[in-house]
Amino acid sequence: MNDFLAEWFVALQRLTPQHQLSRLVSKLAESTHPRTKNLLIRQFIKTYNVNMDEAAGSSDNDYASFNDFFTRSLKPQSRPIDNTPGSIVSPADGTISQLGAITQGRIFQAKGRHFSVDALLGEHSPRSERFLNGQFATIYLSPRDYHRVHMPISGSLEYCRYIPGKLFSVNTTTTRHIDGLFARNERLVSFFNTERGRCAIVMVGAMLVAGIETVWGNYPPGKLKTEQFSDSHVALKKGEEMGRFKFGSTVILLFEENSVTWGATCGPGNTIQMGKRMGQF
């Protein structure tokens, strides 16, 4: 997309009633009317060439609604987890948008564009300070991808926070043209204590995303700002599901300073599947 068209695309998003449109899509996506949901599912599979061979349910009749299909589970062993000691695995299927070092609290978004750790996490605190010179990875989930999010490393939930915001698209065009995109959109920030230090997992909402779910709570679009603290009763192993998107979006991982080395085959633009090794502690 050339710059002229890209600017119009971004301008249109600014004028669109993002939350109202997302709530409307949410109602349609939750419809259990057989003809409605089957039509949506079939058209989506055809449009995005979704691989149904690996899905636990192979027929549109196996799903109660479009959202049920969109957050579909996979057949056992479809995503083997790399259990190399100290390995970090991808939390989702998708494309690596960016990854690398966080420099003085600034995270690289696209050429000429950054956002701060504090802005992304919604706070300046001892928690956020742990990542000021750490490592990050941004993974974009396209519509055709598997949309459940899993743990990159075993850990126990320390704290999570839902932060309201915009619902801009998170595709490549918007990423290149909106400053601080991921720190402006709605997002769920979760901090985990691991045997290798702190890890933050940020699930970023986007245009038409009809909610973010986790294994410990549900966060519909437009939810008022809340803070949740949790003790170690939420403990998840590497590769276990921690949440899901009810439409495509982005996951950002943050790790502490001097804790992670990314794999040589993991770089911007590379596709990756959940469970594949991304790096090593």
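## Close-up views of charged pairs and a histidine

**View 1. R277 counts as partly exposed, with a relative accessibility of 41%.** Welcome to this predicted model! What does R277 form with D82? The two form a salt bridge, and their closest N and O atoms are 3.7 Å apart. D82 lies in the loop between α4 (66–70) and β1 (87–89), while R277 belongs to strand β18 (residues 277–280), so this pair ties together parts that are 195 residues apart in sequence.

**View 2. E123 and R161 meet through their side chains in a salt bridge.** From N to O, the distance is 3.4 Å. E123 is in the loop between α5 (117–121) and α6 (126–129), and R161 is in strand β7 (residues 155–163), so the pair ties together parts that lie 38 residues apart in sequence. Are these two partners buried or exposed? E123 has a relative accessibility of 13%, so it counts as buried. R161 counts as buried too, because its relative accessibility is 6%. Both calls rest on one cut-off: buried means under 20% relative accessible area.

**View 3. A salt bridge joins E158 to R198.** Here the closest N and O atoms are 3.3 Å apart. R198, by contrast, has a relative accessible area of 14%, so it is buried.

**View 4. E54, R79 and D93 are joined into one network.** What joins these residues? Salt bridges that share partners do. As a reminder of the general idea, side chains of opposite charge can pair when their charged atoms come close. Stepping back to the whole model, the structure holds 10 salt bridges, among them the D82–R277 pair, the E123–R161 pair and the E158–R198 pair.

**View 5. The side chain of H147 reaches the backbone oxygen of S142.** The distance for this contact is 3.2 Å. Where is H147 found? Look in the loop between β5 (135–140) and β6 (148–150). Is H147 buried or exposed? Its relative accessibility is 0%, so H147 counts as buried.

Technical notes. Residues are numbered from 1 along each chain as its sequence is written. This is a predicted model: local features need pLDDT of at least 70, side-chain atom pairs count only at pLDDT 80 or more; totals for chains, interfaces and linings use all residues. Side-chain values use heavy atoms; hydrogens and water are left out. A salt bridge is a side-chain nitrogen of Lys or Arg within 4 Å of a carboxyl oxygen of Asp or Glu. Helices (H or I, at least four residues) and strands (E, at least two) are DSSP runs, numbered from the N terminus. Buried means under 20% relative accessible area, exposed over 50%, partly exposed in between (1.4 Å probe, protein chains only). A polar contact is a pair of N or O atoms within 3.5 Å; within protein, one must be able to donate a hydrogen and the other to accept it, and residues adjacent in sequence count only if both atoms are side-chain atoms.
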